[in-house]
Amino acid sequence: MKDFFTIWNSILGTTYDAVSTNQTKKAEIYGETQKIHKPPGYKSAIIIAVVGLIAVLSGTFIHVVNPYDLIFKWKLIFEKGGEIYELWRAPPVELYLKVYLWNITNKEEYMSGLENQLRMEEVGPYVYRELMKHENVTFNDNGTLTAVPKHPLVWVPEYSQGNLEEDLLVLPNIALLSIADVVSDKSYFTRIGLNLLIRQTESQPLVTMTAREFMFGYYSSILTLGNNFMPTWITFDKLGLIDRMYDFDGDYETVYDGQKFGLNNIGLIEKYRGDTKIPQWDSPCGDISGASDGTKFQGYIEPNDTLLFFRKSMCRAKKLIKVNETITSGLKAYIYNFDPEADDNGWDRENNKCFCKDPTNCKPRGLLDVRGCYYGFPIALSNPHFLDGDKILSANVIGMNPDPKKHRTFFVIQPDSGLPLQLAVRFQINMHLRNIKTIANCERFDNIVLPLLWAEISMNKLPDFLETRFRMYLNVLPLVEKCFMIIFLAGGVLFFLVSLYKFVRVSRSRFRHQEPWIEDELVYNIDRKLSSYIPARSSSLTAKELEVYIDSMVPLTDSEQSVDDNEQELDTSHEQSALVG
């Protein structure tokens with residue numbers, strides 16, 4: 001217990017011993033205790049001030065250095081085993097491909113000429129899980145990494161609302177119509193040879209097939225001949241739209257890893273197949289550098305920033321425009337749509353003229369010619385149901401019902417991390433056929449836009465564990481850091497105030513007790529001398545002399561005359577005692 005009080009009192013600037021307390025000295029004089037007070041010290045005030053200074057410096061350090069931001073930026077950088085890198089390499093999200101096919105319900109009437117418009121019925125969705133990942137990752141020395149993108153699909157019947165891959169539908173014969181379009185501007189003899197082949201194989205422009213055959217490949221006699229005689233052009237022996245969309249053989253991409261080119265570019269594409277642009281377009285239409293493949297967008301997004309999204313099946317990088325802000329899964333997010341003028345072919349936007357290969361025959365607004373990405377076949381992209389497109393696009397078909405809520409692309413992106421929280425990329429694949437009336441059995445499809453299917457690549461939400469993790473990273477930890485900063489700064493100021501109060505109090509106490517303290521010391525010294533003197537003389541005094549001596553003791557403040565009188569009386573008493581002796 002003594003040790004405890006010793007430590008405690010040393011902090012308070014006082015002392016402790018077994019005889020006296022911290023603030024008194026005791027002297028035993030005639031059996032009475034005389035207390036001698038010492039003035040309090042400044043030690044505790046100084047200690048409190050130092051603690052306050054440390055707290056203020058700590059709060060200032062947090063405010064200036066922002067350790068949370070440093071840690072967060074460090075976690076964003078791609079490196080082997082890194083958390084964000086692993087999320088990019090194999091995203092643990094539920095990404096789905098939903099396909100809607102256009103079933104033609106008036107085949108006979110249209111082919112016979114009784115009706116001049118194709119009646120189309122939307123059938124779907126046919127839902128597949130897309131297991132997106134990046135394989136064969138190699139880190140380069142220039143702040144990038146190279147990887148091979150993979151997008152395998154898995155059929156999900158429970159999400160397909162009763163639709164089956166074996167559903168029989170009447171659909172366009174893409175092989176026949178594509179070859180017809182390609183050969184339509186060739187020599188007369190080439191067209192004659194194709195017509196003979198079409199009649200011999202009895203190929204028809206509208207055929208009945210299963211949904212799976214249309215999406216992932218069906219055999220065609222014409223396509224087989226093309227594969228045999230023109231293997232450098234047609235490298236496949238069966239044709240399916242989704243199969244061609246998801247053909248990534250030979251593809252690789254170079255991505256910024258954040259080591260040298262800043263944190264904003266982490267996860268964005270630097271090159272695709274070794275080039276900063278795709279070969280189908282001239283710059284700037286073909287530029288893809290700085291685009292995202294949807295796994296991760298740039299970090300620290302400002303409200304006015306324009307983002308880029310690249311998907312090989314879209315044959316370009318499309319601009320994203322911020323349209324709103326929201327809170328999703330407890331996280332702040334920006335909502336983006338595709339730039340409404342992204343599919344303009346130069347009609348309104350000068351920079352988009354490079355999308356028009358033939359200036360004399362540019363596609364209507366809302367339709368983008370992508371035959372260069374689809375083996376020269378007359379494929380053109382639009383929004384589903386020709387949303388926001390020129391009305392002429394649906395002039396030859398019945399069944400288009402554009403709805404922005406169902407058919408417009410949107411991205412919900414967390415701006416600090418660039419993490420997509422929700423997305424739905426929607427586009428429609430069409431055939432824009434030219435003058436093919438000289439090709440056998442194809443006369444009814446001369447100069448029309450023919451919808452084939454529309455698709456949605458979507459992610460409804462992040463997995464629960466990712467939502468929880470990023471809420472902690474983006475919401476909780478910044479708040480904790482701010483609370484610590486406030487606590488340190490406020491606590492430091494409070495400690496300074498307490499220190500100032502104690503300093504003033506100690507100063508006043510020292511001033512107030514200065515004279516009594518001196519007086520107490522003086523009294524103590526006098527009493528100590530007297531106490532040592534009295535025992536020495538008491539042995540030589542008689543009882544009468546001792547009584548006279550004690551009665552003669554007066555306060556030091558009495559007059560000097562009374563002291564002299566007492567001394568004379570004491571001397572007289574001594575003389576009388578001597579005579580008696």
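1. Basis of the model. The model is predicted, so that local features need pLDDT of at least 70 and side-chain atom pairs count only at pLDDT 80 or more, while totals for chains, interfaces and linings use all residues. Residues are numbered from 1 along each chain as its sequence is written, and side-chain values use heavy atoms, with hydrogens and water left out.

2. Overall make-up. The chain holds 15 helices and 22 strands, taken as DSSP runs numbered from the N terminus (H or I of at least four residues for helices, E of at least two for strands). Of its 581 residues, 44% count as buried, where buried means under 20% relative accessible area, exposed over 50% and partly exposed in between, with a 1.4 Å probe and protein chains only. Among contacts (heavy atoms within 4.5 Å) with a separation of 6 or more, 66% come from residues 24 or more positions apart.

3. Nonpolar core. A nonpolar core is a set of buried Ala, Val, Leu, Ile, Met, Phe, Trp, Tyr and Cys residues joined through side-chain atoms within 4.5 Å. The largest one has 123 residues, of which L101, F411, I429 and F445 touch the most other members. Strand 22 (residues 449-459) supplies the largest share of this core, eight residues. Leaving aside residues up to four places away in sequence, F445 touches residues including Y110, M111, L177, P205 and L450.

4. Helix pair. The axes of helix 6 (residues 174-183) and helix 7 (residues 188-201) come within 10 Å and cross at roughly 165 degrees, the axes being lines fitted to C-alpha atoms over the stretch in contact, with angles from 0 to 180 degrees between N-to-C directions. The two helices are therefore roughly antiparallel to each other, a label for angles over 145 degrees. L176, I179, A180 and V183 of helix 6 make the contact with T190, R191, L194 and I198 of helix 7.

5. T295. This residue is placed in the loop between strand 13 (269-272) and strand 14 (307-311), and T295 counts as buried because its relative accessibility is 12%. Beyond residues up to four places away in sequence, T295 touches L87, W88, P91, M132, H134 and P420.

6. K406. Lying in helix 11 (residues 404-407), K406 counts as exposed because its relative accessibility is 54%. K406 and P384 are 22 residues apart in sequence, with their C-alpha atoms 8.7 Å apart in space.

Key
Angles under 35 degrees count as roughly parallel, over 145 as roughly antiparallel, 65 to 115 as roughly perpendicular and the rest as oblique.
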